[in-house]
Amino acid sequence: MIKKLASSLMLASVLVGSLVAPSYADDETTFQKIVFLPVRLVGSGTGTVLGVPLGVAKDGIKGYRKSSKWVANKLGNEDGDAQNIVGMMVGGPFGALGGGIYGVPDGAWHGMKSGFDKPFSKDSFTFKDE
């Protein structure tokens, strides 16, 4: 029973993985591209797992800055010291939370996409300014 369940799970994961992978129906279909597919899938999975915390950190910081500036602007002066301090205390945590929540799918998508295109490269584990 357990072997049937395990084999069904493996078959289902292969089918789902093949749906996500692009088809190589061009003229340059080579043995190397076909053999490289499992490496791409593992690289995509690794990029997705590591992309989530990177996305949370990157988008959390970006949200903190934007909401701090927004509150400082609403208080009258975006460049004023007192307004920026209040903006960091009041608006910053909300922006960090919202940016972190937005960073989960953003980091997962970036890791999945770049991990498949360039598996285990520096680009799949870091964010560029996009």
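**Entry 1: Ala96**

Is Ala96 buried, partly exposed or exposed? I looked it up in this predicted model. Ala96 counts as partly exposed, at 29% relative accessibility. I placed Ala96 in helix α3. Next I checked what Ala96 touches. Leaving out residues up to four places away in sequence, I found Gly60, Gly63 and Tyr64. I then took the spacing to Gly60. The C-alpha atoms of Ala96 and Gly60 are separated by 4.2 Å, though the two residues are 36 apart along the chain.

**Entry 2: the overall layout**

I stepped back to the protein chain. I counted four helices and zero strands. Along the sequence the pattern reads α-α-α-α. I noted that helix α2 covers residues 31-74 and helix α3 covers residues 81-117. The protein chain has 130 residues, and buried residues make up 28% of them. The accessible surface comes to about 9200 Å². Carbon and sulfur atoms hold 70% of that surface.

**Entry 3: confidence**

How far does the predictor trust this model? I found an average pLDDT of 80 for the protein chain. I also noted that 79% of the residues score at least 70. Confidence is lowest in helix α1, residues 2-20, with a mean of 66. It is highest in α3, at 89. I keep a caution here: where pLDDT is low, the predicted coordinates should not be read in detail.

**Entry 4: salt bridges**

How many salt bridges are there? I counted two. Which residues take part in the network? I found Lys58, Asp59 and Asp106 linked in it.

I took the pair of Lys58 and Asp59 to begin. Their closest N and O atoms are 3.5 Å apart. Then I took Asp106 and Lys58. Their side chains meet at 3.7 Å, N to O. Asp106 lies in helix α3 and Lys58 in helix α2, so this pair ties together parts that are 48 residues apart in sequence.

Lys58 is partly exposed, with a relative accessible area of 24%. Asp59 is at 5%, so I list Asp59 as buried. Asp106 is at 18%, and under 20% means buried, so Asp106 is listed as buried too.

**Entry 5: Pro38**

I went to Pro38 in helix α2. Pro38 is partly exposed, with a relative accessible area of 46%. I then compared Pro38 with Phe116. In sequence the two are 78 residues apart. In space their C-alpha atoms are 9.9 Å apart.

**Entry 6: a nonpolar patch**

Which residues make the nonpolar surface patch? I listed Leu75, Ile85, Val86, Met89 and Val90. The patch comes to about 470 Å². I followed up one of its members, Leu75. Where does Leu75 sit? I found Leu75 in the loop between α2 and α3. Leu75 is partly exposed, at a relative accessible area of 46%.

**Entry 7: looking back**

I put two notes side by side. Ala96, in helix α3, touches Gly60, Gly63 and Tyr64.

Key. Residues are numbered from 1 along each chain as its sequence is written. Side-chain values use heavy atoms; hydrogens and water are left out. A salt bridge is a side-chain nitrogen of Lys or Arg within 4 Å of a carboxyl oxygen of Asp or Glu. Buried means under 20% relative accessible area, exposed over 50%, partly exposed in between (1.4 Å probe, protein chains only). Helices (H or I, at least four residues) and strands (E, at least two) are DSSP runs, numbered from the N terminus. pLDDT is the predictor's confidence in each residue, from 0 to 100. Accessible areas come from the Shrake-Rupley method with a 1.4 Å probe; for residues, only the protein chains shown count as cover. Patches are made of residues with over 30% relative accessible area and no salt bridge: like charges are joined within 9 Å, nonpolar side chains (Val, Leu, Ile, Met, Phe, Trp, Tyr) within 5 Å. Contact means heavy atoms within 4.5 Å.
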